[in-house]
Structures are given as structure tokens and as C-alpha cells.
Amino acid sequence: MSARPGVRSNRTAGADPGERSLVRRALGRQFSSLAEYNYRLFFIGQLVSQIGSWMQMVGQGWLILQLTGSATALGIATMLQALPFTALSLVGGVLADRLPKRRALIVVQSFATLQALTLSILVITDTVAVWHVYTLALLLGVTNAIERPTRQSFFSELVSRDNLVNAVALNSSLLNVARILGPALGGVVIAVVGVQGTFVFNTFSFLAVLGGYFLMRPALFHPPRSRPASAGLVQQIGEGLRYGWSTPSVRFTLILVAFIGMFGYNFNVIIPLVAQFVLQAGPEKFGLLSSFLGAGALISAFAVAGLGRGSPAMMLGAAAVFCVALYSLAFSSWYLVSGALLLLLGLSGAALMTTANTTLQMGAPDEMRGRIISIFILLQAGSTPVGGFLTGYLSSHAGVPAALAIQASLCVLGVGIAGFQFAVLRRRPARGGVSLAN
């Protein structure tokens with residue numbers, strides 16, 4: 001019996017069943033780690049909490065300018081919050097290997113909640129002084145230096161090994177969504193209810209992540225196969241550093257992260273300098289430049305999550321693209337071209353850092369994963385005070401374009417060193433870690 005004119009049959013309406021199956025499989029691959037209950041709770045809690053953290057960051061900067069009117073004071077607060085990553089990341093890695101991760105995260109996130117609550121009360125009661133903000137920023141930096149290695153090494157217990165790349169990539173996409181939404185929401189909250197609203201929101205946002213940790217089911221964890229030896233703190237830090245240097249695939253990855261992280265990943269300094277001194281852009285266009293970078297990182301994170309795997313060759317290629325884009329940004333004086341280059345820097349930078357993170361997590365022994373991830377964090381985020389200072393110093397003495405070109409050249413040097421090692425090592429089996437033959 002034929003279908004009536006003008007009415008399509010079920011078979012012809014919509015997509016072909018085979019196409020629908022392909023779409024379902026692709027979506028399943030894209031979000032495979034969310035099928036695991038504990039990771040799903042982690043993901044939701046982190047999304048809310050990270051948005052709150054970005055809102056507080058905006059509020060903290062606005063509050064300091066209200067209290068002092070000084071850009072130097074703002075820089076001091078930023079430095080105080082960043083320095084603990086440099087000083088304590090390796091200690092955080094040892095603690096991540098020693099302590100039960102969920103319990104440790106509950107403790108450190110509780111301290112972060114108290115920090116946000118204290119700042120909220122001080123602002124609401126109009127008793128806040130700049131030294132309060134400095135002290136609380138330093139304490140938050142200490143908390144983050146311990147929390148971040150623990151949280152990132154926790155992925156291997158939340159999901160199966162097959163889903164580890166997807167879990168890390170989805171977490172990267174989550175961080176970039178928060179980076180885009182948090183500052184925008186923070187600005188709206190400051191305009192509507194005042195700066196105290198950002199601190200209050202952040203305080204309550206911690207309840208989401210703490211609730212997620214409490215609701216997790218221990219029976220669904222993927223426990224490590226072994227525990228670290230109970231050696232001294234300094235000895236365990238030394239063990240992690242020796243393993244990182246003596247394992248070729250780990251050394252290759254850390255070389256890339258070290259050079260790109262220190263000399264190219266200082267966007268909180270690079271973007272304002274480019275906006276003001278190269279493009280002469282106003283605040284609206286300056287904000288849009290940051291959005292270009294965040295959008296590129298978000299697209300990249302979703303792409304890596306869909307691929308479900310990475311390789312040393314992919315890291316090397318992403319680092320090379322990053323260098324080319326940074327060089328090009330140094331010589332661009334057109335706003336849209338600079339925006340497109342920042343999009344490319346976000347794409348390539350996130351691809352490199354996400355793949356490096358998962359490569360290190362999958363290659364490190366269970367008993368040393370926290371320490372290896374802490375080295376990664378030290379090189380990626382803990383180098384910010386050094387890299388940020390270098391960017392500002394070079395820009396002041398040689399100009400912004402020359403500063404970016406010099407830093408791009410240093411990134412190229414790192415890619416060259418890593419590339420040489422990659423070429424040598426793929427001719428013989430890698431000792432430990434992940435093979436470089438892919």
C-alpha cells in the first residue's frame with residue numbers, strides 16, 4: 001500500500017537508521033566517561049564550583065581596585081595566589097599519592113569554602129581591608145596547590161582506563177566553559193547586587209562539589225593496584241623527579257609542557273598587552289579577545305574527548321602549531337587576525353595540555369601518579385609567575401611584538417629538543433611510560 005501524497009513514510013522521514021546509529025555511537029564516544037556514576041557526580045559538581053571560582057576571581061580583582069585603585073595591588077594579589085603553585089605543587093603530588101583522594105579533596109574543598117565564606121562576611125559587614133584579601137588569596141593558593149594534583153590524579157579512580165582520555169578532555173572542556181561563563185556572570189552579579197554577590201555565589205558553589213564527593217559510591221571506584229612506600233616527603237619528591245627525568249616518554253612530554261607553559265601560556269599577561277599596546281582596543285574588544293582564546297580551547301577539548309586517545313606525535317604537532325600562531329600574533333596589528341590567532345592558540349594549547357595530561361596519567365605507575373601530575377602542574381601553572389614577569393619585562397624594554405617573538409622562539413627551542421628526542425626514541429623501545437612509537 002503506497003503512502004499518501006505529501007506524507008513521508010517513517011523510513012524516509014528524518015535520518016537513515018544507519019546514520020542515526022553512527023550519531024549515537026559518536027555521542028557515546030564523546031561523553032563515554034559520563035556513563036560512570038562517580039565521574040558524573042564529579043563533573044556536575046566541578047562545573048558549578050569552577051564557575052563560582054571564576055566569579056570570585058573577577059570579584060576579587062574588582063574589590064582590590066575599589067579598596068586601593070592600584071594596579072600594583074592587583075598584581076600582588078594575583079602573585080600571592082599563584083606562588084603556592086610554584087612552591088607547593090610537588091608537595092601536593094606526594095600527598096595525592098599518600099592520602100585517600102576523596103577524603104583529601106573533601107578536606108581541602110572545605111577549607112576553600114571557609115575562605116570564600118570569610119571573604120563574603122568581611123565584604124558584607126564592610127570590614128574588609130586589602131591585607132585581608134592578600135591573606136585569603138595566599139591561603140586559597142595553598143589550598144589549590146594541594147587540591148589540584150589530587151583532583152587530577154583522581155580521574156584514574158573515577159573511570160576505567162578506556163575512559164581516561166575522555167574524562168580528562170571533558171574536564172578540560174568543563175574548565176573552559178567555566179572560564180567563559182564565570183567572568184561574564186561575575187560582571188552581571190557585581191552590577192546587580194554588588195561585589196559581595198560573587199563571593200556568596202562561590203561559597204554556595206562549593207556545596208555542589210562537596211555534595212558530589214559525599215554521594216559517590218566507593219564500590220564503583222577503580223582503586224590503584226599499589227600504594228606508595230612510606231618514605232619521607234623530600235625522598236618521595238626526589239623519586240618523582242628522577243622517574244620523570246629517567247623515563248624517556250615522560251621526559252619528552254614534560255619538555256614540551258615546560259617550554260610552552262613558561263614561555264607561551266601566559267595569556268593573562270599577553271592578551272591585555274596585545275589589546276592595549278598593539279591593537280589599541282577598548283574593554284569590550286579586550287574581553288572578546290579572551291573569549292576567542294576560551295572558545296578555541298573549548299572546541300579542542302571536545303575534539304580530544306571525541307577522539308578518545310592521544311599520541312606523542314599529536315602533542316608535537318599541537319606544540320608546533322602553537323609556536324607558529326604565537327609568532328604570527330607577534331606581527332599582527334589587525335584585530336580580527338589577532339582574534340583568529342588566539343582561537344588557534346586556544347585550540348593547539350588545549351590539545352597539547354590535555355593530551356600531555358592523559359599521557360602522563362596513563363603512563364605513570366599508580367603509586368607515583370600524583371607526583372608526576374604535580375610536576376605537570378608545576379610546569380604548566382606554577383611557571384606563571386616567572387613567565388608572566390618575563391613577558392612584562394621584555395614588553396617594557398623591547399616592545400610587545402618583540403617580546404612575543406622572543407618567547408615564541410623559546411617555545412620553538414623546546415619543540416626542537418622534544419622533536420629530536422622523539423625522532424631518536426621511536427627507533428628503539430621506550431623504557432617505561434608510554435611508547436613513543438605511535
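These notes cover confidence, the nonpolar cores and one surface patch of a predicted model.

1. **Overall confidence.** Mean pLDDT for the protein is 81. Of its residues, 85% reach 70 or more. Helix H4 (residues 101–124) scores highest, at a mean of 94. Helix H1 (residues 17–30) scores lowest, at 56.

2. Where pLDDT is low, the predicted coordinates should not be read in detail.

3. **Main core.** The largest nonpolar core holds 56 residues. Those with the most contacts inside it include Leu 256, Leu 345 and Ile 372. H13 gives the most, with 10 residues.

4. **Ile 260.** This residue is also among those with the most contacts inside the largest core. Leaving aside residues up to four places away in sequence, Ile 260 touches Tyr 265, Ala 319, Phe 322, Cys 323, Leu 352, Met 353, Cys 411 and Val 415.

5. **Second core.** A separate core has 25 residues. Phe 42, Ile 106, Ala 112 and Met 216 are included in it.

6. **Surface patch.** Val 107, Phe 111, Leu 114, Leu 117 and Ile 121 make a nonpolar patch on the surface. Together they have about 470 Å² of accessible area. Ile 121 lies in helix H4.

Terms used. Residues are numbered from 1 along each chain as its sequence is written. This is a predicted model: local features need pLDDT of at least 70, side-chain atom pairs count only at pLDDT 80 or more; totals for chains, interfaces and linings use all residues. Side-chain values use heavy atoms; hydrogens and water are left out. A nonpolar core is a set of buried Ala, Val, Leu, Ile, Met, Phe, Trp, Tyr and Cys residues joined through side-chain atoms within 4.5 Å. Buried means under 20% relative accessible area, exposed over 50%, partly exposed in between (1.4 Å probe, protein chains only). Helices (H or I, at least four residues) and strands (E, at least two) are DSSP runs, numbered from the N terminus. Contact means heavy atoms within 4.5 Å. pLDDT is the predictor's confidence in each residue, from 0 to 100. Patches are made of residues with over 30% relative accessible area and no salt bridge: like charges are joined within 9 Å, nonpolar side chains (Val, Leu, Ile, Met, Phe, Trp, Tyr) within 5 Å. Accessible areas come from the Shrake-Rupley method with a 1.4 Å probe; for residues, only the protein chains shown count as cover. A salt bridge is a side-chain nitrogen of Lys or Arg within 4 Å of a carboxyl oxygen of Asp or Glu.
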